[in-house]
Amino acid sequence: MKKVIIFAAGAILISALSCQKEQTQVTENTATEIPAEKKQGIPDGEILKNYAAEAQQLLGSQLKQKIAEGGPENALEFCNINAIPLTDSISKKYKVTIKRVSDQYRNPDNAANPSELAVITTYKAMLAAGKMPEGLLKDGYYYSPIVTNAMCLQCHGTPGKELAEKTHLKIKSLYPQDKATGYGVDELRGIFSIAVNP
């Protein structure tokens, strides 16, 4: 299959959960149908970008509420149980498979596979060169970067600095295999990986 790269426009997605920059809100009708112009079962990159945006907004809005209600520890409790099912709900809605993955995962279920790791490596190199990574449509998959901001560091920062001790203890209790601390602002936290179901 011919490789196609589509660079998505706009700002990086919002999220305390996935730690992305803010983006204009996606309306309910933005990505309600797979377009007629899809080829070989793959919607265009802009549609897939909107799927990722909707998943991000669902997760981000829930986490922001939980942080407001009980701080980062409350958000961690919620995320531990609900993050993957919430993402799955968007996957089912659009008949695609949406994952949030990382090379430095918190939940082992979010570990990146070899293809995703290759994209993560590319995105990290772009950030190191001072370029903000954008959406990528490649071989039937759409990838969207998750870049940290200051809010992310409440749960993903350096212990003893941005990451409070009680929050760090909660992370250790919920995620014994956690690899997702020590981040700074504008670093790659991971990616959205979207595969279209046949």
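**View 1. The surroundings of Y175, with its polar contact to N80.** A polar atom of the Y175 side chain lies 3.3 Å from the backbone nitrogen of N80, a polar contact being a pair of N or O atoms within 3.5 Å, of which, within protein, one must be able to donate a hydrogen and the other to accept it, while residues adjacent in sequence count only if both atoms are side-chain atoms. The model is predicted, so local features need pLDDT of at least 70 and side-chain atom pairs count only at pLDDT 80 or more, whereas totals for chains, interfaces and linings use all residues. Residues are numbered from 1 along each chain as its sequence is written, and side-chain values use heavy atoms, with hydrogens and water left out. Y175 is found in the loop between α4 (165–174) and β4, where helices (H or I, at least four residues) and strands (E, at least two) are DSSP runs numbered from the N terminus. With a relative accessibility of 6%, Y175 counts as buried; buried means under 20% relative accessible area, exposed over 50%, and partly exposed in between, for a 1.4 Å probe and protein chains only. Not counting residues up to four places away in sequence, Y175 touches L76, C79, N80, R106 and N107, a contact meaning heavy atoms within 4.5 Å. L76 is 99 residues from Y175 along the chain, and their C-alpha atoms are separated by 9.7 Å. R106 lies over the face of the Y175 ring, at 6.0 Å from the ring centre (the definition asks for NZ of Lys or CZ of Arg within 6 Å of the centre and within 35 degrees of the ring normal).

**View 2. Two stacked tyrosine pairs.** A search of the whole structure finds two aromatic pairs, where rings of Phe, Tyr and Trp (its six-membered ring) pair if their centres lie within 6.5 Å, and planes under 30 degrees apart count as stacked, over 60 as edge-to-face and the rest as tilted. In the pair formed by Y51 and Y94, which is stacked, the centres are 4.3 Å apart and the planes are at 10°. Y51 is buried, with a relative accessible area of 0%, and Y94 is also buried, at 3%. The rings of Y141 and Y143 have centres 6.2 Å apart and planes at 10°, so this pair is stacked as well. Y141 is partly exposed, with a relative accessible area of 36%, whereas Y143 counts as buried at 5%.

**View 3. The nonpolar cores.** The largest nonpolar core has 15 residues, and those with the most contacts inside it are L48, Y51, V96, I98, F192 and I194; such a core is a set of buried Ala, Val, Leu, Ile, Met, Phe, Trp, Tyr and Cys residues joined through side-chain atoms within 4.5 Å. Two or more residues of this core come from each of α1 (45–94), β1 (96–101), β3 (141–147) and β4 (188–196), and α1 gives the most, with seven residues. A second, separate core has 13 residues, including A75, L76, L163 and I171.

**View 4. E116 in helix α2.** E116 lies in helix α2 and is buried, with a relative accessible area of 1%. Its side chain reaches the backbone nitrogen of N113 at 2.8 Å. Leaving aside neighbours within four places in sequence, E116 is in contact with K99, V101, A111, Y143, I191 and S193.

**View 5. Two loop residues with positive phi.** Most residues other than glycine have a negative phi. K95, in the loop between α1 and β1, has a positive phi of about 55° although it is not a glycine, and K95 is exposed, with a relative accessible area of 59%. D139, in the loop between β2 and β3, has a positive phi near 50° and counts as partly exposed at 37% relative accessibility.

View 6. The mean pLDDT of the protein is 81, and 78% of its residues reach 70 or more, pLDDT being the predictor's confidence in each residue, from 0 to 100. Over residues 1–18 the pLDDT stays under 50, and the model has 68 contacts beyond four places in sequence for this stretch. Residues 20–39 also have a pLDDT below 50, with 51 contacts in the model beyond near neighbours in sequence. Where pLDDT is low, the predicted coordinates should not be read in detail.
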